[in-house]
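Please study the structure shown below and work through the exercises that accompany it. Each task is followed by a solution in steps.

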Amino acid sequence: MAAPPTRAPQAVLFACAQNSVRSPMAASLLQQMFPHALYVRSAGVKKGELDSFAVAVLAELGQDISQHRPMTFEELDDWEGLNFDLIITLSPEAHHKALELTRTLAAEVEYWPTPDPSGIEGSREQRMQAYREVCDGLLLRIRKRFSKVSAASG
């Protein structure tokens, strides 16, 4: 039996632990694919510092996240509100936080467990490879999840 069709979201929030690696990468990837069809933001449970390896890996794809300023769910709420119809969580902490928010927010929550590459030890190239793998995994999931958006947005 086929799964029911998923409604195409209009506003997507990517969330992870510190909004410094995974969620800004995912937000940039999705925004690049659909610059006018979707409203895309990212947030974290805690506020981290933007990771230079995340910046470097996206730069390899022609995307610039160097101006991204990590923010928490609360800061995003204060800044512009949490008016998202889809929250994609990339870490357990973010998933728990998003589920708490659904008590007062009518948003669908999807959990995409994504490893945090920032703990990888080794040479610069080994570390870059770990970030590339996370980026590639996010890109595959985004393409699969949002494949129908392009058709719906014309």
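The exercises below concern a predicted model.

**Exercise 1. Helix H2**

Task: Identify the buried residues of helix H2, state what covers them, and describe both ends of the helix.

Solution. 
1. Helix H2 comprises residues 52-60, and its buried residues are Phe53, Ala54, Ala56, Val57 and Leu58.
2. An α-helix has 3.6 residues a turn, so residues three or four places apart point the same way.
3. The cover over the buried residues of H2 includes helix H1 (22-33) and helix H5 (124-145).
4. At the start of H2, the backbone nitrogen of Phe53 has a side-chain oxygen of Asp51 within 2.8 Å.
5. After H2 comes Gly62, which has a positive phi, near 80°.

**Exercise 2. Tyr131 and its surroundings**

Task: Determine whether Tyr131 is buried or exposed, and list its contacts.

Solution. 
1. Tyr131 belongs to helix H5.
2. Its relative accessibility is 0%; because residues under 20% count as buried, Tyr131 is buried.
3. When residues up to four places away in sequence are set aside, Tyr131 touches Val21, Met25, Asp51, Phe53, Ala54, Val57, Pro117 and Ser118.
4. Leu50 is 81 residues from Tyr131 along the chain, and the C-alpha atoms of the two are separated by 13 Å.

**Exercise 3. An aromatic pair and a neighbouring loop residue**

Task: State how many aromatic pairs the structure holds, then classify the pair formed by Phe14 and Trp112.

Solution. 
1. The structure holds three aromatic pairs.
2. In one of them, the rings of Phe14 and Trp112 lie 6.1 Å apart, centre to centre, with 65° between the planes.
3. An angle over 60 degrees counts as edge-to-face, and this pair is therefore edge-to-face.
4. The pair links distant parts of the chain, 98 residues apart: Phe14 is in strand E1 (residues 11-16), and Trp112 is in the loop between strand E4 (108-111) and H5.
5. Phe14 is buried, with a relative accessible area of 0%, and Trp112 also counts as buried, at 2%.
6. Thr114 lies in the loop between E4 and H5, and a polar atom of its side chain is 2.7 Å from the backbone oxygen of Trp112.
7. Thr114 counts as buried at 11% relative accessibility. Apart from neighbours within four places in sequence, Thr114 is in contact with Arg22, Leu90, Val134 and Leu138.

**Exercise 4. The largest pocket**

Task: Describe the volume and the lining of the largest pocket.

Solution. 
1. The volume of the largest pocket is about 340 Å³.
2. The pocket is lined by 19 residues, of which Ala27, Val40, Arg41, Ser42 and His68 are the closest to its centre.
3. At least two lining residues come from each of H1, strand E2 (39-44) and helix H3 (73-80).
4. Among the contributors, H1 gives the most to the lining, with five residues.
5. Sorted by class, the lining has seven nonpolar, eight polar and four charged residues.

**Exercise 5. A positive phi angle**

Task: What is the phi of Asn19, and where does this residue lie?

Solution. 
1. The phi of Asn19 is near 55°, a positive value in a residue other than glycine.
2. Asn19 is located in the loop between E1 and H1.
3. With a relative accessible area of 0%, Asn19 is buried.

Conventions
Residues are numbered from 1 along each chain as its sequence is written. This is a predicted model: local features need pLDDT of at least 70, side-chain atom pairs count only at pLDDT 80 or more; totals for chains, interfaces and linings use all residues. Side-chain values use heavy atoms; hydrogens and water are left out. Buried means under 20% relative accessible area, exposed over 50%, partly exposed in between (1.4 Å probe, protein chains only). Helices (H or I, at least four residues) and strands (E, at least two) are DSSP runs, numbered from the N terminus. Contact means heavy atoms within 4.5 Å. A polar contact is a pair of N or O atoms within 3.5 Å; within protein, one must be able to donate a hydrogen and the other to accept it, and residues adjacent in sequence count only if both atoms are side-chain atoms. On a 1 Å grid over the protein atoms alone, a cavity is a set of points where a 1.4 Å probe fits but cannot get out, and a pocket is an open set with protein on both sides within 12 Å along at least five of seven lines; lining residues have an atom within 4 Å of a point. Grid points are joined across faces, edges and corners, and a volume is the space filled by probe spheres set on the points. Ala, Val, Leu, Ile, Met, Phe, Trp, Tyr, Cys and Pro count as nonpolar, Asp, Glu, Lys and Arg as charged, and the others, Gly among them, as polar. Rings of Phe, Tyr and Trp (its six-membered ring) pair if their centres lie within 6.5 Å; planes under 30 degrees apart count as stacked, over 60 as edge-to-face and the rest as tilted.
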